[in-house]
Amino acid sequence: MIWSSQEKRATSSLAVLYAIRMLGLFMVMPVLALYAENYSAATPTLIGFAIGAYGLTQALLQIPLGWASDRIGRKPIIIGGLLVFALGSAVAASATSMTMLIAGRVLQGAGAIASTLMALLSDLTREEQRTKAMAVIGLSIGFSFVLAMMIGPSLSSFNGLPGLFWATTAMALIGILIVLFWVPTPVAQKQHREQQTSARLFGAVLSNPELLRLNLGIAVLHGTLVALFLIIPHWVAATMNLPASKHGFVYLPVMLIAFALMVPFIVIAESKRKMKTVMLGAIALLGVSMLIMTVSHAQQTPLIVSCILFFMAFNWLEASLPSLVSKLSPAGAKGTAMGIYSSCQFFGAFLGGAMGGWSLEKWGTLPTLYALAAVVGLWWVVACFMRRPQHLTGYRLAVPTEVTHKAQELKATLGALPGVAEVNWVPEESAAYLKIDKALFDPRLAYDSLRP
């Protein structure tokens, strides 16, 4: 099916908006641990808080703000979130102490608009195009991370951290212009459980052991990432004798090589249906990369190799864990599962910064790396008990109002169709949510079964 002009405009504008916001959060990560040492009262613990502080407010507010957007509209929440993000960036840019820097980062995270952006994408795209639109958004986030690793250090050469935060402030204001003049305004807001968080489904999601394993995993993954950026910038500066402004020339090739090495494993995991096997291998590679780091801090080659291995595993897991959430979430609960998953991701980033900084101050670098490797090892053990995921996807079936009174009969009929693994009937939406195997499911049979 061909994209409509509105869908193209909505997807491109929201992808740029996502990239701008994530770029603003990620740009400071490669250099903050180096520059923050010059602030008054700087300690490893406070520097860790400064790196991860955005994750706390992001985790706490993204679901409530998504719910608020159902009541007062998507665009007002997005614009308000960008204004808060710009304010936080300006506070961080003006900071002369660690307290003020942390306050700025907390405010940045409070502009938590991720779930609202996804809800707006659902409002502006047809169901048949939504998966592709979400894939474009995912690519924009991945691209923004790689770009941040490259340009963050380079931009810091102009005015250190203040320069980076002022650039972030400007990007947030540009984001507001994008919302006002580029992003289409939806005719109506849609209430789709596959895309939005429902409080009524919290119990089902939080009691699902498979989803809990994935939530733990994404928290550990981002906590490890943030904690390592308290360590790696110092080692790059020491082993390669590079100023902070030149670190992008190290991170860019590392990220590109890691990405190239990751691609075959994505293909193997999906086409050969070896998702669990490859996931366990990627988690193990994370731990191995950190063990290599424990002996590489005085040597360039082992440090670079360990970073490539880490980002190879990180990139695969970052791309694949959301797919597993989609496969393992109950029918009609993907939006809720993804909302909780994203909150765990940001909360993990906060814990990684806070606990990583505290560990560095109390015990030093090598014990911190061993502790991180041990946490990753615990994740590997937990992941071993995950059931092998079926290759299922969600499918929303609109039900004609004239047959909604036959809910139980229709549920049984749909559940008996080839390729249908689960059916969840949602009367308030006049829809049925299915978990299907695309190789076996025929939508025409499903729609034929709904005829009065």
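1. Start with N241, which sits in the loop between helix 10 and helix 11 (248-271). This is a predicted model, by the way. The phi of N241 is near 55°, a positive value in a residue other than glycine. Is N241 buried or exposed? It counts as exposed, at 68% relative accessibility.

2. A41 is another one to look up. Its phi is positive too, at about 65°, although A41 is not a glycine. You'll find A41 in the loop between helix 2 (32-35) and helix 3. With a relative accessible area of 58%, A41 is exposed, because the cut-off for that word is over 50%.

3. Now have a look at how helix 3 (residues 44-72) packs with helix 5 (residues 98-110). Their axes are 6 Å apart and the angle is about 25°. Angles under 35 degrees count as roughly parallel, and therefore helix 3 and helix 5 get that label. The crossing of these two is right-handed. On the helix 3 side, the residues making the contact include L46, F49, Y54 and L65, and on the helix 5 side they include M98, L101, R105 and A110.

4. Helix 1 (residues 5-26) and helix 4 (residues 74-93) are a second pair to check. They pack at about 25°, with their axes 12 Å apart. Helix 1 and helix 4 are therefore roughly parallel to each other. Here the crossing is left-handed. From helix 1 the contact uses L17, R21, G24 and L25, while helix 4 brings I78, L82 and F85.

5. R21 lies over the face of F85, and the distance to the ring centre is 5.3 Å.

6. Stay in helix 1 for a moment and find E7. How accessible is E7? At 2% relative accessibility, E7 counts as buried. If you leave aside neighbours within four places in sequence, E7 is in contact with I2, L124, T125, R126 and Q129.

7. Next, the aromatic rings. A search of the whole structure turns up 14 aromatic pairs. One of them is F229 with F311: the ring centres are 6.3 Å apart and the planes are at 50°, so the pair is tilted. Where do the two residues sit? F229 is in the loop between helix 9 (209-228) and helix 10 (232-240), and F311 is in helix 13 (residues 300-328). That makes it a link between distant parts of the chain, 82 residues apart. Both F229 and F311 are buried.

8. W358 is partly exposed, with a relative accessible area of 36%.

9. Rings can also gather in groups. F26, F145, F229, Y251, F310, F311 and F314 form one aromatic cluster.

10. Last one: L180, in helix 7 (residues 127-181). At 47% relative accessibility, L180 counts as partly exposed. L180 and K75 are 105 residues apart along the chain, and their C-alpha atoms are separated by 8.2 Å.

Terms used. Residues numbered from 1 in each chain as written. Predicted model: local features only at pLDDT ≥ 70, side-chain atom pairs only at ≥ 80, totals over all residues. Heavy atoms only, no water. Phe/Tyr/Trp six-rings, centres within 6.5 Å; stacked < 30°, edge-to-face > 60°. Helix = DSSP H or I, 4+ residues; strand = E, 2+ residues; numbered from the N terminus. Buried < 20%, exposed > 50% of the residue type's maximum accessible area, 1.4 Å probe, protein only. Lys NZ or Arg CZ within 6 Å of the ring centre and 35° of its normal. Axes fitted to C-alpha atoms, helices over the stretch in contact; angles between N-to-C directions. Parallel < 35°, antiparallel > 145°, perpendicular 65-115°, else oblique. Left-handed = near helix turned anticlockwise from the far one by under 90°. Contact = heavy atoms within 4.5 Å.
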